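Here are my notes on this one, jotted down while going through the model. Have a look at the structure first, then work through the points.

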Amino acid sequence: ACGQSTGSNKVNVLAPPTVAITTSTGSTSVCQNSSLVLTATGAGSYTWSPSGTLSSSIGSSVTATPGSTVTYTVTGTAGTCVDTETITITVNTLPVVSASGTFSMCVGETEQLGVNVTGCASPYSNYLWNNAATLSSSSIPNPISSSLATTNYNAQVTDNNGFVGNGTVTLTVNPLPVVIAAPALPPIIVL
């Protein structure tokens with residue numbers, strides 16, 4: 001006769017991984033020619049794609065240096081379980097600095113200069129103008145020039161993320177007009 005068998009089988013049920021991605025800057029935007037570290041958590045091993053602008057295609061942390069906006073995918077594995085997460089990194093242009101107008105004056109006058117700044121991350125926190133000796137301040141957006149000659153100023157502007165753009169502002173300084181007084185002519189008498 002057959003006896004009754006008793007026993008137990010143990011089954012381990014693994015919870016699937018939940019992969020998350022963070023960036024070293026806390027932002028998903030970067031400026032051109034810059035890098036940021038992407039870190040994946042929630043699994044045991046990680047594979048990244050596309051890997052062309054990454055320091056590695058495997059590992060929990062990779063350095064991304066995208067040339068344009070890109071969506072990265074990370075696949076996290078824990079045992080035989082898999083989870084996938086994506087992150088889009090937006091690439092912004094460096095700050096673009098241009099003269100806000102045409103600037104000219106006569107010798108001995110003053111002229112307020114200015115720049116327009118676009119791109120990357122506003123606010124633009126730092127201004128630095130060359131030829132500081134001829135300006136009211138070299139660290140403000142709109143300094144006043146007292147130059148005695150035509151001058152090309154370089155305006156260097158730093159954005160909120162520390163990225164720098166440069167632009168040229170030309171101030172044309174015209175000579176004072178020369179007035180020549182002619183001798184008075186005798187009155188003409190008409191008969």
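1. T90 counts as partly exposed because its relative accessibility is 29%, where partly exposed sits between buried (under 20% relative accessible area) and exposed (over 50%), with a 1.4 Å probe and protein chains only. T90 belongs to strand β7, residues 81-92; strands here are DSSP runs of E, at least two residues, numbered from the N terminus. Leaving aside residues up to four places away in sequence, T90 touches T28, S29, V30 and T69, contact being heavy atoms within 4.5 Å. T28 is 62 residues from T90 along the chain, yet their C-alpha atoms are separated by 6.2 Å.

2. Before going on: this is a predicted model, with local features needing pLDDT of at least 70 and side-chain atom pairs pLDDT 80 or more, while totals for chains, interfaces and linings use all residues. Residues are numbered from 1 along each chain as its sequence is written, and side-chain values use heavy atoms, without hydrogens or water.

3. Now the cores, meaning sets of buried Ala, Val, Leu, Ile, Met, Phe, Trp, Tyr and Cys residues joined through side-chain atoms within 4.5 Å. The largest nonpolar core has 17 residues, and L38, W48, L54, Y72, V74 and I89 have the most contacts inside it. At least two of its residues come from each of β3 (36-41), β4 (45-49), β5 (61-64), β6 (70-78) and β7. A second, separate core has 16 residues, including V97, M105, V115 and Y127.

4. L54 deserves a click: among its contacts beyond four places in sequence are L38, W48, V62 and Y72.

Note on methods:
Helices (H or I, at least four residues) and strands (E, at least two) are DSSP runs, numbered from the N terminus.
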